[in-house]
Structures are given as structure tokens and as C-alpha cells.
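Welcome! Have a look at the model first, then try each task before reading on.

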Amino acid sequence: MSRALQPDEELVELDAAAVRTWCVRALDALGREREEIDAINVYPVADGDTGTNLYLTAEAAHEAVEAVFAASAPDAAEAVRAMAHGALLGARGNSGTILAQLLRGMAAVLAAGRDGDHLARALAEASAAARRAVAHPVEGTVLTVAAAAADGCAGGGTLAEVAARAHEGAREALAATPGQLDVLGRAGVVDAGGRGLVAVLGALVETVTGRAPDHAGDASGVRGGAGAVGGAGHVHVPTAPGGVRLLGDVRAVPTAHDETCDGEAGPAYEVIYLLEAEDAAVDLLRARLDALGDSLVVVGGDGLWNVHVHVDDAGAAVEAGVEAGRPHRIRVTHFAAAAAAAARAGAGGGERAQRAVVAVVPGEGLAGLCAEAGATTVRSRPGEPPAGDELVEAIRRAHAREVVLLPNDTELRQTAAAAAERARAEGIRVALIPTRAAVQGIAALAVHEPDRRFDEDVVAMTAAAGATRYAELAVAERQSFTSAGVCQAGDVLGLIEGDVAVIGADLTETARTVLDRMLSAGGELVTLVVADDTPPGLAADLERHVRRGYLAVDTTTYHAGAGAPPLLIGVE
């Protein structure tokens with residue numbers, strides 16, 4: 001982070017630390033306004049995700065900048081390029097893709113110089129680059145707001161002057177968007193993507209001046225456009241079909257795609273993918289995708305592109321990418337399904353919680369334990385791991401803006417990753433911690449603090465899980481070759497970190513051997529999780545064994561209930 005500016009002190013140029021600070025403040029601003037921006041999202045599709053997509057794109061930019069700072073002491077050019085590249089890789093939705101191109105356009109100029117004059121030229125190049133990336137530019141959108149920001153600071157000046165004039169120009173253009181685009185005027189809202197851009201520019205003003213702009217809220221002081229101005233800066237318009245509701249400084253409509261928005265259904269799918277391809281192939285791809293659908297935005301360059309389009313034939317859009325080069329990170333969203341999911345989430349009633357934990361657990365007792373700790377649980381039965389739909393439904397049931405997902409099983413990692421991606425497409429921020437056993441999930445849940453920052457919470461939970469070695473006792477069903485030798489049906493198997501390490505005839509003796517091997521590498525806390533059908537004296541016997549042989553090690557025992565393995569062991 002850059003040092004705090006003193007009163008009346010302003011930056012002369014954007015150095016690497018200032019770029020880093022801008023990323024942090026932009027992410028914070030979009031985080032604060034995400035829900036309100038989602039709520040006014042009516043164009044090009046009323047899917048209620050513009051704020052979320054902008055936030056996720058800015059988060060990717062921020063993470064890329066943090067990565068270069070973690071690896072070295074970058075100069076300003078490296079920081080700017082990292083910001084743009086991270087946004088390109090992580091761009092979400094129509095609005096996020098355009099934001100990525102805006103940042104890329106700025107980076108091309110700021111890499112050469114970072115004073116006020118260069119910032120003015122950077123904003124002009126950003127506007128031009130974003131407009132070139134959109135197949136059919138429409139006024140009254142983020143493109144208009146970006147152009148106004150560039151016009152507002154044309155001619156240059158000091159860094160602070162340019163940033164402030166760009167922000168003010170963008171804010172005034174945002175207020176005028178309901179009069180430029182019919183769907184916005186009918187709904188009585190400003191453009192959602194444009195509002196996000198104003199938030200990003202407001203963060204830039206605060207970075208270079210040390211002061212938040214006078215009108216820090218993206219829609220504060222909205223004037224003119226669709227109708228007369230009312231008190232508190234609200235825009236008043238004739239009542240739209242389906243009704244409107246007041247939200248912040250704008251009037252927002254329900255986010256279902258209905259007659260309130262544009263009166264007709266658009267394409268069924270949103271398709272996004274990264275593409276490695278040559279420029280000539282991308283030109284042909286643009287023409288092909290333009291014929292398939294609408295809302296086409298292709299951003300990037302130098303062999304790497306981010307492609308976004310709305311189509312009815314998602315397969316054809318992906319095939320076009322395959323013909324052009326190598327597509328990857330392919331995401332397909334069915335608008336109707338996403339809207340239905342959002343409606344189901346909304347039907348849960350009440351305000352969403354800020355954060356929740358979803359944990360997969362192997363027994364009823366553990367489910368109760370995790371539920372008492374505030375987690376939403378999904379049962380995993382022997383031979384019946386939960387499907388992706390069950391995990392997505394649990395994330396929705398948690399009814400939170402942010403969710404930490406604990407699969408607690410190595411075999412569930414890919415299923416959990418796919419479920420997390422589906423939930424993110426519905427606007428839920430999901431962090432997947434790749435816990436491989438229930439004892440790792442318990443360790444992670446033990447340090448969960450919903451009041452701290454999401455990233456800090458995820459890091460702490462990941463560290464706790466990673467510091468927990470795990471073992472499991474199972475009974476062999478048939479003769480088999482293992483890493484510890486040949487086992488027979490009925491043998492007790494001690495698995496450490498997923499591999500068979502001990503083969504024994506007695507559950508208690510095998511458990512002691514496994515514990516000794518795990519504790520030979522050190523440890524402070526042993527967690528035992530026993531099932532209903534585990535011999536009743538096993539846990540007490542193992543606790544005594546630890547007390548006798550390992551004086552500085554504590555032991556905690558939990559009952560998993562029915563349906564769990566005979567014994568789970570964790571060593572922290």
C-alpha cells in the first residue's frame with residue numbers, strides 16, 4: 001500500500017504503490033455498491049449481476065497486482081500491466097469484459113508515463129479501445145460514461161485535476177443515461193455498468209488526492225434524464241409496468257427479464273471464454289459470433305482474448321472459438337435458470353447474511369456439530385458422495401452473499417469446484433477451501449470469524465485446514481494390494497493422508513499405531529471422530545494413549561453418529 005497522503009497533498013504521478021491502492025479502493029467501492037448495482041441491471045439483460053461481475057473482475061485485477069508485489073518490488077508499469085492482465089483473465093459478464101478492456105487501454109499509455117497528461121491520454125485510449133471491442137456500441141451505456149470521462153479531462157493537467165474532471169464527467173454522463181436508452185428510461189434507472197465505472201474512477205480520485213470525491217456514491221446527485229428531479233437526488237419517472245422500488249439514489253426494477261425491461265426475450269445463453277488465438281483468427285471469430293447472437297464483446301490482444309456473447313446456440317459459440325484457437329475457462333450461463341435461482345434465493349425471505357460456511361460431513365453427529373457452529377451441512381453417505389446439484393442447493397440455502405465451501409473429501413474437489421462456479425454465476429461470492437477430510441473441515445470451522453474480511457477469513461481457515469494432518473480407519477471389504485502390502489477382507493486399514501499406511505487385525509491397536517506415526521512428526525492437538533458402530537471404549541483408550549506418551553498434546557473427541565467411518569483422526 002502507498003503511504004497515507006497528508007492534508008492538501010496530492011500525488012504527482014501514479015507509482016506502483018498508488019496503482020495497488022487504486023485496486024484496493026476500487027474493489028472496496030464495488031463491494032459496497034455491488035447489490036445496488038445488481039438491482040438496477042436492466043440492460044442488455046436484466047439478470048441482476050452487473051455489480052457482481054464488476055466486483056469479480058476488479059477482484060481478479062487486485063489479486064494480480066498483489067501477486068506481482070508478493071514476487072518482487074514492481075515498478076509502476078509492471079503494476080499497471082498486472083492490473084489489466086488480471087482483469088482480462090478474470091473478466092465476468094458484459095460489464096466486466098468492458099471494464100477489462102478499459103483497464104487494458106489505460107495500461108498501454110500509463111506504462112510509458114503516469115502524470116496527469118498521460119492519465120488523460122490513457123482514459124481517451126481506454127474509451128476508444130472499449131468501443132472498438134463492442135460489436136455494436138450503444139449510447140446510454142458504460143461506453144458513453146467512459147467517453148464522457150475522457151472528454152472531461154481532455155487537455156490534461158495535474159494528476160489530481162485530471163482524475164477529478166474524469167470522475168465528474170463520468171458522473172454527469174451517468175445521470176443522463178436514462179434519457180439515452182429507452183429501457184433505462186422506462187425502468188427509471190441509470191446504467192448499471194456506468195455506475196460501476198464511476199465507482200472505479202471515484203476510487204482513483206481518492207487515491208491521488210487522499211480525499212473521496214464530493215459525490216462518492218455512483219448515483220448521488222443524479223439529475224435530469226428520464227424525468228424531473230425529486231428530493232435527495234432521486235430520479236422520478238412514470239411508474240413502469242410491474243412496479244418499481246426505491247433503492248439508494250435510483251429507482252430500481254425487479255431483475256427478472258420481463259416486459260419491465262425491453263419487452264422481448266433475448267438470447268437464452270451467455271457464453272464467456274478465454275481464447276488463445278492470432279489477430280486474424282479473432283477478426284473472423286467476431287464476424288461469426290456477431291451472426292450468432294448479440295452483446296458481443298471481444299477484448300484483449302497479443303494472443304490472449306476474453307470473448308463474451310449472448311446466443312441461443314451456446315455450442316456453436318464455443319465451436320467458433322475452437323476453430324479460431326484454443327478456448328479455455330469456458331462459462332455458459334442460462335439466463336432463465338439464473339433468474340429462477342435468484343428468485344429461489346430471494347424466496348428464502350429476509351436479508352441475506354454476509355457470510356456462511358457450507359460443509360460436507362459424513363455423519364449425523366458431525367452435521368449437528370457443524371450446524372451448531374453456524375454451517376450449512378450436506379450429508380455424505382458411504383459410497384454416495386453428494387452431487388454437484390446438492391452442493392449448489394446448499395450454497396443457495398445458506399442465503400449469504402459470501403460462502404466458504406468445505407468439501408472435506410479429496411474425491412469431491414472437482415464436483416465442489418464446479419458447484420462453486422455455478423454459484424458464482426448466480427452472484428454469490430464463493431471460496432472453495434480444498435479440505436480433504438472432515439477433521440480438516442472442523443479445524444477450518446474452528447477459526448472461522450464472519451466479522452473479519454472475507455479474504456482474511458478464507459486465509460485463516462485454509463491455514464488451519466492445511467496444518468491438520470488426517471487419517472482414517474476402515475475395514476477392508478476384500479483382498480487387495482495396498483501401499484502397505486496385501487490386505488484381506490476384514491483387515492483394519494489405517495489410511496494416513498489418503499494412503500494405506502498400516503494393516504492390522506484389531507481396530508484399537510491399529511488406531512494406536514496410526515496415532516504414533518502421525519505424532520512422530522509433532523503435533524499439539526489430536527481430534528478423534530468416532531462413529532456409532534465404533535467400539536465404545538476406543539476413544540477413551542486413545543485419549544489415555546496420547547496422555548501417557550505425548551504430555552504436551554491435547555485430545556478432543558467428537559461423535560459422528562451413523563454413516564461415518566469407524567474412526568477419523570486429525571493432528572494439528
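**Exercise 1.** Does His448 count as buried or exposed, and why?

*Solution.* Keep in mind that this is a predicted model. Start with the cut-off: a residue is buried when its relative accessible area is under 20%. His448 has a relative accessibility of 16%, so His448 counts as buried. For the whole chain, 54% of the 572 residues count as buried.

**Exercise 2.** Find where His448 lies and what its side chain touches.

*Solution.* First, locate the loop that joins helix 16 (438–446) to helix 17 (454–466); His448 lies there. Next, follow the side chain of His448 to the side chain of Asp457, with which it makes a polar contact at 2.7 Å. Finally, set aside neighbours within four places in sequence: His448 is then in contact with Arg355, Val357, Asp457 and Met461.

**Exercise 3.** Work out the strand order of the open sheet of four strands, and name its edges.

*Solution.* Reading across the sheet, the order is 8-7-9-10, and the pairing is parallel. The edges are strand 8 (375–379) and strand 10 (429–432), each of which pairs on one side only. From one strand to the next, the twist averages 20°.

**Exercise 4.** Which strands does helix 17 touch?

*Solution.* Helix 17 packs on the sheet and touches strand 7, strand 9 and strand 10. Then compare directions: helix 17 makes about 10° with strand 9, while helix 14 (residues 388–398) runs at about 160° to strand 8.

Terms used: Residues are numbered from 1 along each chain as its sequence is written. This is a predicted model: local features need pLDDT of at least 70, side-chain atom pairs count only at pLDDT 80 or more; totals for chains, interfaces and linings use all residues. Side-chain values use heavy atoms; hydrogens and water are left out. Buried means under 20% relative accessible area, exposed over 50%, partly exposed in between (1.4 Å probe, protein chains only). Helices (H or I, at least four residues) and strands (E, at least two) are DSSP runs, numbered from the N terminus. A polar contact is a pair of N or O atoms within 3.5 Å; within protein, one must be able to donate a hydrogen and the other to accept it, and residues adjacent in sequence count only if both atoms are side-chain atoms. Contact means heavy atoms within 4.5 Å. Two strands pair if DSSP finds at least two bridges between them. Axes are lines fitted to C-alpha atoms, for helices over the stretch in contact, and angles run from 0 to 180 degrees between N-to-C directions.
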